[in-house]
Amino acid sequence: MTTDLRANSDRLWKSLMDMAKIGATEKGGVCRLALTDLDKEARDLFVKWCKEAGCTITVDKIGNVFARRAGKDNTLAPVVTGSHIDSQPTGGKFDGVYGVLAGLEVIRSLNDAKIETRRPIEASIWTNEEGSRFATAMVASGIFGGVFDLEYGLSRADLDGKTMGEELKRIGYAGDEPVGGRPIHAFFETHIEQGPILEHDKKQIGIVQGGLGQRWYEVTMTGVESHAGPTPMRIRKDAMVGASSVITAINKIGHKFENACATVGLVQCMPNSRNTIPGKVFFTMDLRHPFDDVLEKMGMEAKEACEKAANENGLKLEFKEIWVLPATHFNKDCIKAVENAANELGFTSMPIISGAGHDSFYINKVAPAAMVFVPCEGGISHNEIENATPEDIAAGCSVLMRAMLERANS
Ligand SMILES: [Zn+2]
């Protein structure tokens, strides 16, 4: 393999900045919601660039786009990369679109170097990853991965009642290809980290091992509303006191297990009046861990904490587990390809686990997958101030290219 093959940093950066004009916001971010005219414009530009780079384009029934650079043997399953081109309403210039344009840059760089691969190489766009306009994030990669069916995806509606199916037709991206069943030899996704670890540890490349499993809960504690003055402390049934001890216990659970996250992020106190003892408190719990058995244990401890708090404070407890996402473990060969690439190119790197969800999680269910992370400023994303350096962006793309080459010649 050519040892010094690198992505063209200036060209990749310029493509990112040109793409960021589509849906640019005053504060320097991007608002490019799924299947809007802006999403169409961004897709059209990507397709134009890919065609100029000699690719053939395929679009499936949920609007996922695959741009293929032919290999020596086109009967073999391709090596695919990609991410999403839609954004949050107050999104940044890198989340998702970096992974799409890094794919294009790999193709352009291979063209420049006149490198032929054994397998075809593809850059892809996955529809509606963010889930902000049409609820259910990562819905199109989810259909591809067999988690949702096509009808479910096409029928997702926005607040005006427009469905993904209608909007795909309107912008011309309701393709003919079936969703899924398309063999992929290996899948890679480059993404900004969306967390502070790489920046803090001064590493340029995150070798993503997988993603945290998640368990979401809704808890209601009910006591007795009563006047804050005449009611003595010893006979109170204060739902807020129960909830507050759970909040502290959940935080302790998060600290107790290595690599765990535990958050109470939403609390509603009723009647929420300064001189009434809270009669009812509703709150959510979000538990995350890279291993499902540990996550289950965390869930049990969280439940015990709720029961203990309810008993001690004379409260009625309603405890509901509303969502379980198993932990993602990426493919060993694909992780290794990323690790080798980072080492051979001389970038500083570290293994890392994604706390956020990504299209790769669902694609990993039907094809060997892995991800490459690069640092983002302050670990901030889903924000117009989201930022990354051209050097890190190019480093991630060079690692992607090398990993793809390794798998494309296997
Ligand atoms: Zn993203």
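1. Helix α10 passes helix α12 in a right-handed crossing. Keep in mind that this is a predicted model. The two helices are α10, residues 332-345, and α12, residues 390-408. Their axes come within 8 Å and cross at roughly 125°. The pair is therefore oblique.

2. Who makes the contact? On the α10 side, the residues are Asp 333, Ala 337, Val 338, Asn 340, Ala 341, Ala 342, Glu 344 and Leu 345. On the α12 side, they are Ser 398, Val 399, Arg 402, Ala 403, Glu 406 and Arg 407. By type, the contact residues of α10 and α12 split into 7 nonpolar, 2 polar and 5 charged.

3. Ala 7 sits in the segment before α1 (9-20). Is Ala 7 buried or exposed? Ala 7 has a relative accessible area of 11%, under the 20% cut-off, so Ala 7 counts as buried. Leaving out residues up to four places away in sequence, Ala 7 touches Glu 105, Ser 109, Ala 394, Cys 397, Ser 398 and Met 401. Ala 7 and Leu 110 are 103 residues apart in sequence, yet their C-alpha atoms are 9.0 Å apart in space.

4. Asn 64 lies in a loop, between β1 (56-59) and β2 (65-69). Asn 64 is buried, with a relative accessible area of 0%. Which backbone atom does its side chain reach? The side chain of Asn 64 reaches the backbone nitrogen of Thr 127, at 3.0 Å. Beyond four places in sequence, the residues that Asn 64 touches include Thr 58, Val 59, Ile 125 and Trp 126. Ala 140 and Val 179 are also among them.

Methods:
Residues are numbered from 1 along each chain as its sequence is written. This is a predicted model: local features need pLDDT of at least 70, side-chain atom pairs count only at pLDDT 80 or more; totals for chains, interfaces and linings use all residues. Side-chain values use heavy atoms; hydrogens and water are left out. Axes are lines fitted to C-alpha atoms, for helices over the stretch in contact, and angles run from 0 to 180 degrees between N-to-C directions. Helices (H or I, at least four residues) and strands (E, at least two) are DSSP runs, numbered from the N terminus. Angles under 35 degrees count as roughly parallel, over 145 as roughly antiparallel, 65 to 115 as roughly perpendicular and the rest as oblique. A crossing is left-handed if the near helix is turned anticlockwise from the far one by less than a right angle, and right-handed if clockwise. Contact means heavy atoms within 4.5 Å. Ala, Val, Leu, Ile, Met, Phe, Trp, Tyr, Cys and Pro count as nonpolar, Asp, Glu, Lys and Arg as charged, and the others, Gly among them, as polar. Buried means under 20% relative accessible area, exposed over 50%, partly exposed in between (1.4 Å probe, protein chains only). A polar contact is a pair of N or O atoms within 3.5 Å; within protein, one must be able to donate a hydrogen and the other to accept it, and residues adjacent in sequence count only if both atoms are side-chain atoms.
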